[in-house]
Amino acid sequence: MPTKYLIHLAELSIAILFASAIFFSWRADRRDRAQLASELATTKQLLTAADARQHDRDTQLAQTLATLAVKKRTIVTPAQIIRELPTQIPLPSPIALQTAPPLPNSPTPQTNAVIPAEDLKPLYDFTIDCKACQAKLTTAQNDLTDERQKTTALTRERDDALRIARGGSVFRRITRAAKWFLIGAAAGAVAAKAAH
């Protein structure tokens, strides 16, 4: 008799151990899924805010470029350019227009801009700064392309993590459920055989 009780006690212990392992595994899985869902929600909020900021910057840039394009189209005569240039480039002395006397083979007088010597250095510095800005712009555009590729990869990775957190594909979930069903059926069969 005592061995029969020991066998039943061992069966009960194995069943309790098996059930507790399943319970703690299920609880840990639920906790991990909740944590992943929380992290994904936070990330989604950050991405939404970043997209909104980027959209605002793009809109502001489009407006600025449109304003500059209008100025470029409307200010075309030398007098207009001379008048507006100091608002765009700070120069120590104003540039002056000078009309040259007509040449014998050209009946219309030529208008020339006279650039004071002290304006040469600021104009040169401006062109160098412009080239530096172009180099920075090219680098920033290339960085932006790389960041967009990273974002696409991270989005794909996030979607895969969500799919895995849900238990994988439908086929994988069915396979896993069938495995646990077979394990439970085998354990029940062993318990039933041991009871008889």
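Residues are numbered from 1 along each chain as its sequence is written. In this predicted model, local features need pLDDT of at least 70 and side-chain atom pairs count only at pLDDT 80 or more, whereas totals for chains, interfaces and linings use all residues; side-chain values use heavy atoms, without hydrogens and water.

**Exercise 1.** Determine how many salt bridges the structure holds, and describe those of helix α3.

*Solution.* 
1. A salt bridge requires a side-chain nitrogen of Lys or Arg within 4 Å of a carboxyl oxygen of Asp or Glu.
2. The structure holds three salt bridges.
3. D125 pairs with K121, with the closest N and O atoms 2.9 Å apart.

**Exercise 2.** Classify R83 and its salt-bridge partner E84 as buried, partly exposed or exposed.

*Solution.* 
1. Buried means under 20% relative accessible area, exposed over 50%, and partly exposed in between (1.4 Å probe, protein chains only).
2. The closest N and O atoms of R83 and E84 are 3.5 Å apart.
3. R83 has a relative accessible area of 53%, so it is exposed.
4. E84 has a relative accessible area of 26%, so it is partly exposed.

Note on methods:
Helices (H or I, at least four residues) and strands (E, at least two) are DSSP runs, numbered from the N terminus.
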